[in-house]
Every structure is written in structure tokens, then in C-alpha cells.
Amino acid sequence: MDQLKLKLQEYYQRYQQMDQRVKPGKEEPGFEDVLDMENDILSQFGLPTSRRFVQILHDFVHHGHVSDQLLDFVSKKLRTAARKYLLSPVMSDIDLLEGAREQKRSPYDVLPELGYPVHEYALFLLGELFYRRNMAATDIVDELKKMQHFDSWGDLMLLSKIHNHTTHELYAKLKKHELRFIDEFIQFTRRQEPSRLVNKRATPLEEGYTPNYKTITKVQVEDIIFDEQTSPSLFGKIKSGRGYARITISLEFSELNQILMSSDELGVEISNHIKKRLANPAAEKPTVIDIRAEFGDVLKLDNCYLEVYKPQHREGSKWVEDKDNFYFVDKILSKKEFEKRTKEAEVKRKIQECLELIGGSYVYYQRLRRLGITDEEAKLRAGLQDELLFKLSFFLNKVKE
């Protein structure tokens with residue numbers, strides 16, 4: 001077995017060990033080691049650690065077991081990706097940024113391809129200043145170059161945690177490097193903190209794809225996992241045919257609380273338990289709540305409907321939906337809201353059917369006229385003797401042409 005296959009096999013085993021940390025009592029392996037291995041494997045192909053290439057490795061580790069055929073397949077996929085990437089036209093940093101904004105590419109893809117770390121300040125420069133505020137690409141590139149040249153990433157993150165940051169010596173040091181957007185970044189970061197406990201995920205619109213929504217209910221939740229820096233995740237099962245399928249659902253704390261408060265006494269009890277865990281600085285991180293073990297039964301989400309979607313990733317110029325059973329929540333509907341929406345959709349469908357029938361009546365009317373039947377008789381036979389109905393049928397038919 002060649003070196004690459006050995007590395008891929010070791011990466012698979014390390015990732016699986018890390019994945020097992022979702023259960024209490026498991027030893028948490030080094031996450032940094034896994035990231036280093038991803039970087040090492042991709043660098044062998046001349047690929048940056050942007051999300052679209054890392055996704056190839058993530059797809060690989062979600063297979064049930066490793067085989068020579070799977071290793072060959074992943075190696076081939078990486079080689080193909082590298083060939084396309086390395087043979088693509090050489091672009092300046094400015095052109096790459098401009099193109100990324102037009103294509104609405106994720107900063108998580110763009111930054112590694114520019115050669116910069118996926119750091120909070122770099123994400124702010126691209127996501128907030130460049131994408132949202134339309135700042136000039138030259139200003140963004142200049143700032144990134146200064147940060148990289150002076151290696152100021154760590155200093156800035158430390159400074160952002162200091163209350164009176166402008167009086168600290170680090171502030172003077174960074175200002176000497178002529179970094180332009182430090183104050184804006186720190187203000188932006190602090191504005192986000194009161195409104196959310198975790199870093200909100202990018203929406204499909206921000207990422208640049210249109211998700212395929214589906215509505216689910218009656219989820220049996222077995223575990224809830226969260227910490228201060230990560231959105232909560234629900235792990236459980238959902239009815240699928242005659243059996244059950246595993247499912248993971250990621251959502252915001254506010255959404256989690258909404259679901260729990262709609263789930264009778266057990267949901268309220270779990271909600272209070274989560275609040276206590278969050279208030280305890282000594283609690284194990286990440287926090288894992290095994291619902292059956294701690295409360296005697298799984299949590300059944302019978303009183304709400306979740307509108308969810310699978311995240312997508314880029315493969316070349318196309319967005320591809322992730323294969324695993326992992327979903328993000330987009331909306332939460334009560335049973336009453338869902339029934340109302342369903343009824344409205346049914347009424348709209350019936351109205352559409354009626355309009356199609358009325359529009360088709362005009363076609364029948366024209367056929368009768370061509371057969372030499374009088375206008376009045378043709379309208380009567382087509383059911384269009386009412387003048388308003390006749391006009392409606394005429395215009396509906398026009399729309400179809």
C-alpha cells in the first residue's frame with residue numbers, strides 16, 4: 001500500500017475516533033491532528049484546504065468501512081480535483097476576489113485559495129466588508145497582506161477580548177502596522193455577541209445555492225449536543241418506510257428552546273436542564289445530554305413541524321447536496337400553522353385546476369367557431385355565455401401561448 005493510501009486510512013481512523021466524542025465517556029482525540037492531516041493530504045495534490053476540497057475527505061470518512069476500492073476512488077477524485085484546479089487560468093488576487101463575489105462563493109473556500117487562514121478577521125474582511133458593504137477588492141487584499149506579513153492574527157484576537165482595547169499596548173502595535181479595519185472588526189464582533197450565543201451559520205443565500213426544503217415531524221430525539229461556540233445538534237431517528245432512519249438536525253439555541261417548549265413537560269424539563277448546564281462554567285465541553293439515560297425516555301417532537309434542508313457543497317461549477325442525513329432547520333411550524341399552510345396549498349391547487357379548466361374552455365369555443373357554429377351557440381356549449389367568464393377564459397388562454 002502506497003504512502004497516500006496509508007495516510008488516507010489513518011485519517012479515516014482518526015476522524016472516526018473524533019466522531020465518537022458525541023457520546024459521554026469517550027476520550028476526545030486531537031481535533032488539530034485531524035486538521036493537520038487534511039492539510040497534509042491536500043497539499044500532496046497541490047490543493048488548498050478550502051471547503052470544496054476538504055469536502056472530498058469528509059465524504060470519504062462517512063462511508064461505513066474502508067476498502068482498497070474506496071481508497072482508489074478517493075485518490076482518483078483528489079487527482080481530478082487537483083488537475084482542474086492547477087490547470088485553471090492563473091488569476092490575480094483581485095480578479096479571484098471579484099469573481100468570488102459574483103459567484104457568491106463562501107469565504108471558507110476563497111481564503112485558503114488566496115493563501116490566507118480562515119480567521120475571524122479574514123472572514124470579516126470578505127464576508128462583511130467586501131461582500132455586504134461592497135468595499136474595493138484592492139483594500140481587502142492590502143489588509144490581508146499586512147495581516148499575513150506581520151502575523152497579527154493572534155494579537156488581534158487577543159485584543160478583541162480586552163474591554164478598553166484602544167488603551168492597550170497591542171492596539172498601538174497593530175496601528176503601527178497601518179491595519180485599517182481593526183476598530184470596525186472589534187465593534188462588529190461585540191455587536192454580534194448580545195444577539196447570539198454562537199456563531200451563526202451562513203445561510204444558503206449567503207453561500208450561493210438554493211436548498212431543497214422538506215418538512216419533517218415526529219422526530220425521536222435521543223441526544224442533544226452543544227457548547228458556547230457551536231450550534232446545538234439533535235441526534236435521533238425518524239420514520240422511514242417500515243423502519244427508522246438516523247438523522248442529525250442542527251439549529252440555533254432560540255429554535256431549540258422553541259421546540260422544547262412546545263414538547264409538553266419533558267421538553268420544559270430538558271430546557272431548564274440546558275440552562276443550568278450553560279450557566280455552569282465547570283460543565284464538560286461539549287455538553288452531551290443523553291435524553292433516555294437522564295430523563296427515562298426519548299423526546300418525541302409530535303407538536304411541531306420542522307422545515308429543513310441539507311447543506312450543499314460545490315463540485316466544479318455545480319452545487320451538490322450532501323449525502324448524509326444531516327439537516328439545518330429553516331422554519332419551525334406549530335401543528336396549527338402547518339395545517340393552515342397545507343390547507344392554503346390545497347386551495348391554491350384547486351384554484352389552479354379551475355383556472356386551467358376555464359382557460360381550456362376557450363380552446364373548445366374556438367374549435368366550435370371554426371366548425372361554423374354561431375358565436376352565441378359556441379359560448380353556450382363551452383359554458384362561456386357569461387361575458388366576464390368569457391374574458392377570463394380568453395386571457396387565461398393567452399397566457400399559455
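Biologist: In which helix is the place of Tyr-365?

Modeller: In this predicted model, Tyr-365 belongs to helix α16, which covers residues 335-370.

Biologist: Is Tyr-365 buried or exposed, and how is that read?

Modeller: A residue is called buried when its relative accessible area is under 20%. Tyr-365 has 8% relative accessibility and therefore counts as buried.

Biologist: Which residues does Tyr-365 touch, not counting residues up to four places away in sequence?

Modeller: Contact is read from heavy atoms within 4.5 Å. On that basis Tyr-365 touches Asp-375, Ala-378, Lys-379, Ala-382, Leu-384 and Phe-390.

Biologist: With which residue does Arg-369 form a salt bridge?

Modeller: A salt bridge requires a side-chain nitrogen of Lys or Arg within 4 Å of a carboxyl oxygen of Asp or Glu. Arg-369 pairs with Asp-375, their closest N and O atoms being 3.9 Å apart. Arg-369 is partly exposed at 38% relative accessibility, and Asp-375 is partly exposed at 30%. Both residues belong to a salt-bridge network that also links Lys-379 and Glu-387.

Biologist: How many salt bridges does a search of the whole structure find?

Modeller: The search finds 18. One of them joins the side chains of Glu-307 and Lys-331, at 3.8 Å from N to O. Glu-307 lies in strand β7 (residues 304-309) and Lys-331 in strand β10 (residues 326-334), so the pair ties together parts that are 24 residues apart in sequence.

Biologist: Are Glu-307 and Lys-331 buried or partly exposed?

Modeller: Glu-307 is buried, at 10% relative accessibility, whereas Lys-331 is partly exposed, at 39%. Lys-331 also forms a salt bridge with Asp-330, with 3.3 Å between the closest N and O atoms.

Terms used. Residues numbered from 1 in each chain as written. Predicted model: local features only at pLDDT ≥ 70, side-chain atom pairs only at ≥ 80, totals over all residues. Heavy atoms only, no water. Helix = DSSP H or I, 4+ residues; strand = E, 2+ residues; numbered from the N terminus. Buried < 20%, exposed > 50% of the residue type's maximum accessible area, 1.4 Å probe, protein only.
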